[in-house]
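Please keep the sequence and the structure in view while reading.

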Amino acid sequence: MIKISSRGGSTSVTFALSVDEAPGPVSVVGDFNGWDPLASPLRKRSNGTRSARIDLVDVDVTRFKYLAEGGRWFNDPDAHGFETNEYGETNSVVVLRP
């Protein structure tokens, strides 16, 4: 699940997954954190999901993937779209402003 909220010049994107989608540790990794797998781990919530909120300023589009335990990369089915990256794989895309 992806939730977008705006306030002033900043936009927050919350990335959330159920524990069933990936049972072990998961991070959201993207152009907003330099593709650093340690920068944005998803944290457990009381409703049985895990999430990370990313605050972005002056960004129209962001690209990301999830990185699960064991080095397993996967996309978010709720993304606004997908595009091929320089490695021939796909990244999830979220459009923040048209």
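Where is Ser 40 found?

Ser 40 sits in the loop between E3 and E4. The model is a predicted one, and all values in this report are computed from it. The relative accessible area of Ser 40 is 8%, and because buried means under 20% relative accessible area, Ser 40 counts as buried.

The side chain of Ser 40 has a polar contact, at 3.1 Å, with the side chain of Asn 33. When neighbours within four places in sequence are set aside, the residues in contact with Ser 40 are Ser 27, Val 28, Phe 32, Asn 33, Ala 52 and Ile 54. Strand E3 covers 26–30, and strand E5 covers 49–57.

## The chain as a whole

The protein has nine strands and zero helices. Read from the N terminus, the order of elements is β-β-β-β-β-β-β-β-β. The radius of gyration is 13 Å, close to the 13 Å that the globule rule gives for 98 residues, so the protein is as compact as a globular protein of that length. The C-alpha trace spans about 35 × 35 × 20 Å along its principal axes.

Of the 98 residues, 42% count as buried. Among contacts with a separation of 6 or more, 60% are between residues 24 or more positions apart. The accessible surface comes to about 5,800 Å², and carbon and sulfur atoms account for 49% of that surface.

## Other residues of the loop between E3 and E4

Asp 31 lies in the loop between strand E3 (26–30) and strand E4 (43–44). Is Asp 31 buried or partly exposed? With a relative accessibility of 36%, Asp 31 counts as partly exposed. Apart from neighbours within four places in sequence, Asp 31 is in contact with Val 61, Thr 62 and Arg 63. Asp 31 and Thr 62 are 31 residues apart along the chain, and their C-alpha atoms are separated by 6.5 Å. Strand E6 covers 61–68.

Trp 35 also has its place in the loop between E3 and E4. Trp 35 is partly exposed, at 33% relative accessibility. Its phi is near 60°, a positive value in a residue other than glycine. Most residues other than glycine have a negative phi.

Asp 58 is in the loop between strand E5 (49–57) and strand E6 (61–68). Phi of Asp 58 is near 55°, a positive value in a residue other than glycine. The relative accessibility of Asp 58 is 62%, and Asp 58 counts as exposed.

Gly 70 is exposed, with 80% relative accessibility. Along the chain Gly 70 and Ser 51 are 19 residues apart, and the separation of their C-alpha atoms is 19 Å.

Asn 85 belongs to the loop between strand E8 (81–84) and strand E9 (90–95). Which backbone nitrogen does the side chain of Asn 85 reach? The side chain of Asn 85 reaches that of Tyr 87, at 2.8 Å. Asn 85 has a relative accessible area of 14% and is buried.

Val 95 lies in strand E9. Its relative accessible area is 35%, and Val 95 is partly exposed. With neighbours within four places in sequence left aside, Val 95 is in contact with Ile 4, Asp 60, Val 61 and His 80. Val 61 is also one of the contacts of Asp 31. Val 95 and Asn 33 are 62 residues apart along the chain, and their C-alpha atoms are separated by 17 Å. Asn 33 is the residue whose side chain makes the polar contact with the side chain of Ser 40.

Notes
Residues numbered from 1 in each chain as written. Predicted model: local features only at pLDDT ≥ 70, side-chain atom pairs only at ≥ 80, totals over all residues. Heavy atoms only, no water. Helix = DSSP H or I, 4+ residues; strand = E, 2+ residues; numbered from the N terminus. Rg over C-alpha atoms; globule rule 2.2 N^0.38 Å. Buried < 20%, exposed > 50% of the residue type's maximum accessible area, 1.4 Å probe, protein only. Contact = heavy atoms within 4.5 Å. Areas by Shrake-Rupley, 256 points an atom, 1.4 Å probe, with all protein chains shown as cover. Polar contact = N/O pair within 3.5 Å; in protein donor to acceptor, adjacent residues only side chain to side chain.
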